[in-house]
Amino acid sequence: MVHREIERQRRQEMATFYSSLRSLLPLEFIKGKRSISDHMNEAVNYIKHMENKIKELGAKREELKKLFDSKTKMENHEINNHTSGNFTIHHNNGILGIEITSGGGLKEERLKLSKLLQLLLEEGLEVSCLSNQVNGRLLHSVQFEVNNSNSVDLSELRRKIANVIPTLRCSDSD
C-alpha cells in the first residue's frame, strides 16, 4: 500500500512539473502536440533555439560595441586634432563682418562663439550672428554695424579675437 501511495505522489509531482514546463513554452512550440514526450522534445528544441538567439544577440551586441567604440574614438580624434579654425574680417560700406570656420565639437563651438560675441559687445558694437554646418564644419557669420569703419581698429580687433579664441587663426590681411 505504501508503494502505491509513493507512486501516486510521484506521478502527481511529474504532472505538476510537466504542466509548469508546458506553461513556459511559447505556443508555437506546443501547438498541435498532445503527448508528454512531444512536449518534452519541443522544450529541448526551444532551449536550443534560445541558446542560438543568445549567441546571435551576443555577437550583434559585440559588433555594435565595437562600432560605437570606433566611432567614439574617431570623434574624439577629430575633436582633438581639428579644433582650430579660421576667422576672416570683412568690411563693406560701414558693415563689418567676421566669418569663422571650425571643425570643433558643438560644445566647444558654443563656447568660442559666446566668447567672441561677449568681446564684440564689450567693444560697444551691435551684433547679429548666423551659424550653419557645411560639410561637417561649422560656419559662423557675425555681422556688426559701425557708423565710421575707421573708428574700429581692425588690427586690434584681430589681435583681441586671437587672444579670446587662441585656437583660431586669422586668414585675412590688413
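Modeller: His39 is buried, because its relative accessible area is 5% and the cut-off for buried is under 20%. The model is predicted, so this value is computed from predicted coordinates. His39 sits in helix α3, which covers residues 36–81. The His39 side chain makes a polar contact with the side chain of Tyr18, at 2.5 Å.

Next, Arg22. Its contacts, leaving aside neighbours within four places in sequence, are Ile30 and His39. Arg22 belongs to helix α1, residues 2–24. Arg22 is partly exposed, with a relative accessible area of 33%, whereas His39 is buried. The C-alpha atoms of Arg22 and Met40 are 8.4 Å apart. Along the chain, 18 residues separate Arg22 from Met40.

Stay with helix α1 and turn to charge. Side chains of opposite charge can pair when their charged atoms come close. Arg10 and Glu7 form a salt bridge, with an N to O distance of 2.6 Å. Both lie in helix α1, three residues apart, about one turn of the helix. Glu7 also forms a salt bridge with Arg11, at 3.7 Å, N to O. That distance counts because the cut-off is within 4 Å. Glu7 and Arg11 are separated by about one helical turn, because they are four residues apart in helix α1.

For Arg10 the value is 43%. For Arg11 it is 48%. Each counts as partly exposed, because the class runs between under 20% and over 50%.

Arg159 is partly exposed at 41% relative accessibility. Glu156 is partly exposed at 28%. The count of salt bridges comes to five.

Last, confidence. The protein averages a pLDDT of 77, and 77% of the residues score at least 70. Among the elements, helix α1 has the highest mean pLDDT, 92. Strand β4, residues 137–145, has the lowest, 71. Where pLDDT is low, the predicted coordinates should not be read in detail.

Notes:
Residues numbered from 1 in each chain as written. Predicted model: local features only at pLDDT ≥ 70, side-chain atom pairs only at ≥ 80, totals over all residues. Heavy atoms only, no water. Helix = DSSP H or I, 4+ residues; strand = E, 2+ residues; numbered from the N terminus. Buried < 20%, exposed > 50% of the residue type's maximum accessible area, 1.4 Å probe, protein only. Polar contact = N/O pair within 3.5 Å; in protein donor to acceptor, adjacent residues only side chain to side chain. Contact = heavy atoms within 4.5 Å. pLDDT = per-residue confidence, 0-100. Salt bridge = Lys/Arg side-chain N within 4 Å of Asp/Glu carboxyl O.
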